[in-house]
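The sequence and model are shown first.

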Amino acid sequence: MLYKICKKIAVKISRPESDDIEVVRFGLELLIITALSIIFLLIIGFIFGYGIELTIFLISFGLLRTSAGGLHAKNNIICFISYFSISFLGIKFVKIIPESLQFFEIVTFLLTSMILVYIFAPVQTPSRPIFPKEKLIFRKRSIICICILSALSMLLFFLSFKTLANVMAIAVLFESLTLINFKKTKKLEELK
């Protein structure tokens, strides 16, 4: 149903001589699914009392994802369920960490994320090919993004917003882990 609606809109807004209608349709479909998923996640987050934490998680994960890329699910439902699960499990995990370990946890998560981004970013997928000229640009953006998010997380920690700092750290860790292609670790082979 969504396919048909997006196809009709794409036909109406596209210029037949210059736009690929299928690309426009796919973009519209992706935009609608993403918007609905974020709205649904935020509603659930606020119902369960995790609205602010989930917002921080979404922003941190999303910012790094736009430049670094990462593993993609086979369909939208699996993507939504996976993202829903990791975001809520991450927030729950952060809530149970003893205060004495929070600084160590944040530093460990952020350093691990920095290393993974440095080694693997950006990740090319079939739905998101990266051209050689773009690769360096996305790589620099990814490294800058992880550095800024890490600095913000540490700042939040030192300003006594420890839960939010931990949520930010675990969000970038989860996104950084999606950069690893466990089936084909070409980057690791290059390091040997």
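A disulfide is counted here as a pair of cysteine sulfur atoms within 2.5 Å. The model is predicted, so local features need pLDDT of at least 70 and side-chain atom pairs count only at pLDDT 80 or more, while totals for chains, interfaces and linings use all residues. Residues are numbered from 1 along each chain as its sequence is written, and side-chain values use heavy atoms, with hydrogens and water left out.

**Cysteines**

The structure holds zero disulfides. C145 takes part in none, and the nearest cysteine sulfur, that of C147, is 9.3 Å away. For accessibility, buried means under 20% relative accessible area, exposed means over 50%, and partly exposed lies in between (1.4 Å probe, protein chains only). On that scale C145 is buried at 13%, whereas C147 is partly exposed at 38%.

**Salt bridges**

A salt bridge is a side-chain nitrogen of Lys or Arg within 4 Å of a carboxyl oxygen of Asp or Glu. A search of the whole structure finds three of them.

| Pair | Closest N and O atoms |
|---|---|
| E53 and K95 | 2.8 Å |
| R65 and E175 | 3.0 Å |
| E99 and K162 | 3.4 Å |

The helices named below are DSSP runs (H or I, at least four residues), numbered from the N terminus; strands would be runs of E of at least two.

E53 forms its salt bridge with K95. This pair links distant parts of the chain, with E53 in helix α3 (residues 51-68) and K95 in helix α4 (residues 76-96), 42 residues apart. E53 is buried, with a relative accessible area of 11%, while K95 is partly exposed at 40%.

R65 forms a salt bridge with E175. R65 lies in helix α3 and E175 in helix α7 (residues 162-177), so distant parts of the chain, 110 residues apart, are linked. E175 is buried, with a relative accessible area of 0%.

The remaining entry in the table is the salt bridge between E99 and K162. E99 lies in the loop between α4 and α5 (102-120) and K162 lies in helix α7, so this pair ties together parts that are 63 residues apart in sequence. E99 is exposed, at 59% relative accessibility, and K162 is partly exposed, at 26%.
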